[in-house]
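Reader: I would like to learn how to read a few local features, taking a helix, some ring pairs and some charged pairs in turn. Could you walk me through them?

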Amino acid sequence: TEAGKKHPLVLALHGAGGRKAKDWVKNCYANKVLSSETMRKKYPCYVVAPNVTGKDNWTGDRLADVFELVGQLQKKFPIDADRIYVTGQSMGGYGTFAAIVSRPKFFAAAVPVCGGNRPANAKAIAKVPIWVFHGEKDTTVPVARSREMVDALKKASGTPKYTEFPGVGHGAWTPAYDKGELWEWMFAQ
C-alpha cells in the first residue's frame, strides 16, 4: 500500500457451501473475481472473507464477530471508512442484508446475491445503495425472497438496483460477480 493512501474494504460472505472451504478464494465467488490480477489493478482494495463453521450463519454472534474483525482491521490497516462494502452469496446474501440491517450507516453499498430478509426491515436500510441479484429458477433460495425485499425497499423510498437472471438457478453469483458493471457501481459508492 502507498503511504497515506486508504483503500476500500469488501466484506465477502460465503454461502452454506463455503463453510467447509479451506481456501478463502473458493469460499465465495466474489473473492475469486476480486483477487484476479486485473481486478487488483483496477480496484485496489482489502477483501475480508470470514468463515463460519458447522450450522452457524451470518446472524447473531457470528455477525457481531464480523463487525469486531472489521473494527480490528480498521485499526491495523489504512481502510477508507467511507468505502466499506458488503456482498455475499446465498446464506451470505442473507448475511449481507443482516449486516446492513444491523448497521445501515456502516456500509457504502451492499450487494446481496440470492438472499433475503424480512421486508419489514426495508425501511431501516432504504438509504443504503443496494444492488440485488437472483436467478429466476433458483430452487434453493426462492427468487421471491429478493423480489419481496426489492419491492419493500422501493415502498420505503429506497432506490435498489435489481438484476434477475432468466433461466439461472442457484448459481446467480457467477453471472453477478462476473459483471464488470457491478464492481464499477459498487466502488463508485
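Author: What follows takes each feature as a general idea and then as a case in this structure. This is a predicted model, in which local features need pLDDT of at least 70 and side-chain atom pairs count only at pLDDT 80 or more, while totals for chains, interfaces and linings use all residues. Residues are numbered from 1 along each chain as its sequence is written, and side-chain values use heavy atoms, with hydrogens and water left out.

Reader: What span does helix 4 reach from its first C-alpha to its last, and what span is expected?

Author: Helices (H or I, at least four residues) and strands (E, at least two) are DSSP runs, numbered from the N terminus, and the expected span of a helix is 1.5 Å times one less than its number of residues. Helix 4, residues 60-76, has 17 residues and reaches 25 Å, close to the 24 Å expected.

Reader: Which residues of helix 4 are buried, and where do they lie when seen down the axis?

Author: An α-helix has 3.6 residues a turn, so residues three or four places apart point the same way. Buried means under 20% relative accessible area, exposed over 50%, and partly exposed in between, with a 1.4 Å probe and protein chains only. In helix 4 the buried residues are L63, V66, F67, V70 and L73; they fall within an arc of 120 degrees, so they line one face of the helix, the arc being that of the directions from the helix axis to the C-beta atoms. The face turned away from this buried side carries the exposed residues G60, D61, K75 and K76. The buried residues of helix 4 pack against strand 1 (7-13), strand 2 (46-48), strand 3 and helix 5, where contact means heavy atoms within 4.5 Å.

Reader: How many aromatic pairs does the structure hold, and which parts does the pair of W131 and W185 tie together?

Author: Rings of Phe, Tyr and Trp (its six-membered ring) pair if their centres lie within 6.5 Å; planes under 30 degrees apart count as stacked, over 60 as edge-to-face and the rest as tilted. The structure holds 11 aromatic pairs. In one of them, W131 and W185 have ring centres 5.7 Å apart and planes at 85 degrees, so the pair is edge-to-face. Because W131 lies in strand 5 (131-135) and W185 in helix 9 (180-188), this pair ties together parts that are 54 residues apart in sequence. Y177 and W183, by contrast, form a stacked pair, at 5.7 Å centre to centre with 25 degrees between the planes, and both residues are buried.

Reader: Which residues form salt bridges, and how exposed is R147?

Author: A salt bridge is a side-chain nitrogen of Lys or Arg within 4 Å of a carboxyl oxygen of Asp or Glu, and by this rule the count comes to six. Among them, R147 bridges to E164, the closest N and O atoms being 2.7 Å apart; this pair links distant parts of the chain, with R147 in helix 7 and E164 in strand 6 (161-165), 17 residues apart. R147 counts as partly exposed at 36% relative accessibility, and E164 is partly exposed at 25%. Elsewhere, salt bridges that share partners join D56, R62 and D65 into one network.
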